[in-house]
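Below are some questions about the terms used for this structure. Each answer sets a value against a definition.

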Amino acid sequence: MADWIPDVLGEEFAQLTLELGDDDEGPVVATLVRALPIEAGWWERMLGRRRPLEDVDVLYVHGWSDYFFQKRLARFWTARGARFYALDLRKYGRSLRPGQTPGYITDLATYDEDIAAALDAMGRGADGAASARRLVLFGHSTGGLTLSLWASRHQGSADAVILNSPWLEFQVASVRPLIAPVAELQARWAPREVAPQIDLGFYTRAQQEVADPDDPVEVNLDWRPVQTMAVHAGWFHAILRGHTTVAAGLTIAEPVCVLLSARSATPTRWSDDLTRADTVLVVDDIARAALKLGPSVTVERIDGALHDVFLSRHEAREDAYRRLGRWVSGWAAAQT
C-alpha cells in the first residue's frame, strides 16, 4: 500500500492512494483523506477528561461532480475526538486520472470496492466491523445514496448514518417508473451517450454569493466544475436503479440523520431565491424517501439552506452545524 502524504488542504490533512485494479479506461484508484484529532493536553489527561467521540471513525463520501474540500466539516468531528476520513471515489477529484471519464460508473455497488479499501486502510477490515471503534457514515447527495445502499447491504457494519441532502429520489418522482425502462435500454446499447447539459451554473453561483470570509472555502474547479460533469446514460441508469431500491425500502437498522433545506427552487433563471434553497433536489420528495431508509430516521429541515447545507449562507450554515451537533451528542450519549 502507498504511504500517507500531505494533502492539498494543508497540514491538518493527509491523503492515501488506494489501488483498485483496472477497468476499460486503465488503472483505477480511490483517495482517502485523513484528519486526526489533536492529542488531549496533559491537564485534560490528568483530570481524566474524554472527548465524546474519541472512539469514533467517520467516513465521508462526496456527491456528484464533487470531491472533499470542507475543512470545517472535518474539524467538527476532530474537535470532538473523532478520526475523520473522506473518500474521493474513483474518477473524482484526487482520484481522477488522465483519460478517464469523470465520475463514470454503471453500478453503484462497484463503489463497494472503494469503500472496502478505505475501511481497510482505516484499520477496520474490508467490511468495517474489525474494530472496537464506532463507525459513522456521512454522505452528501449521490454519496448519501451510495452510503445508504451500502449500509443496507452491510448490516451491522456502521453505528450511525448521517446524510446531507442525499439524492434518494429522482427530481420528478412520479416520472421515474416511466423513464427507468428507457434508461435501461439506453444504458445497454449506448452507455456513454451524453445527455444535454441543463446546468446553468446557478448552484455554483449561489455558493459564491453566500461565501463567508470568516469561514472561507477554497474549491478546485478542475475537480468541482462550475457546471456539472457530463451525464452519461450508463451512470444515469445506475442512479435510477438506486432510487428504485430506496423506494422499495432499505433496512438500515442504525440511527439515521438526514439534513435538508426547508425548500427547493427551480434554477431556470438567476434570482436571490436561489441562495436560500436547494436547487438540485426536490427536498419534500427526499424527506419522504428518507423514511424508507430504516426504522430510526431523523429529518432536519434547515431554513435558507443550499443543497450542501454546510455551504449555505451564515445563518443557515450555523443552524446546520447546531443541528448536527445536537443529533451527534444525543446519539453518542445513547451509546454509552
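Q: How many aromatic pairs does the structure hold?

A: The structure holds 18 aromatic pairs. Rings of Phe, Tyr and Trp (its six-membered ring) pair if their centres lie within 6.5 Å; planes under 30 degrees apart count as stacked, over 60 as edge-to-face and the rest as tilted. This is a predicted model, in which local features need pLDDT of at least 70, side-chain atom pairs count only at pLDDT 80 or more, and totals for chains, interfaces and linings use all residues. Residues are numbered from 1 along each chain as its sequence is written, and side-chain values use heavy atoms, with hydrogens and water left out.

Q: What makes Phe 13 and Phe 68 a tilted aromatic pair?

A: Their centres are 6.4 Å apart and the angle between the planes is 50 degrees.

Q: Where in the chain are Phe 13 and Phe 68?

A: Phe 13 is in strand β2 (residues 10-23), and Phe 68 is in the loop between β4 (56-61) and α2 (71-78), 55 residues apart. Helices (H or I, at least four residues) and strands (E, at least two) are DSSP runs, numbered from the N terminus.

Q: Why is Phe 13 called buried?

A: Buried means under 20% relative accessible area, exposed over 50%, partly exposed in between (1.4 Å probe, protein chains only). Phe 13 has 3% relative accessibility, so Phe 13 counts as buried. Phe 68, at 0%, is buried too.

Q: Why is the pair of Phe 138 and Phe 310 called edge-to-face?

A: The ring centres of Phe 138 and Phe 310 are 6.2 Å apart and the planes stand at 75 degrees, so the pair is edge-to-face. This pair links distant parts of the chain, 172 residues apart.

Q: Why is Arg 153 called partly exposed?

A: The relative accessible area of Arg 153 is 41%. That value lies between 20% and 50%, so Arg 153 is partly exposed. Arg 153 lies in helix α4 (residues 142-153).

Q: How do you know that the charged end of Arg 34 sits over the ring of Trp 4?

A: A charge sits over a ring if NZ of Lys or CZ of Arg is within 6 Å of the ring centre and within 35 degrees of the ring normal. The charged end of Arg 34 is 4.1 Å from the centre of the Trp 4 ring, so the distance is within 6 Å. Arg 72 lies over the face of Tyr 321, at 4.0 Å from the ring centre.
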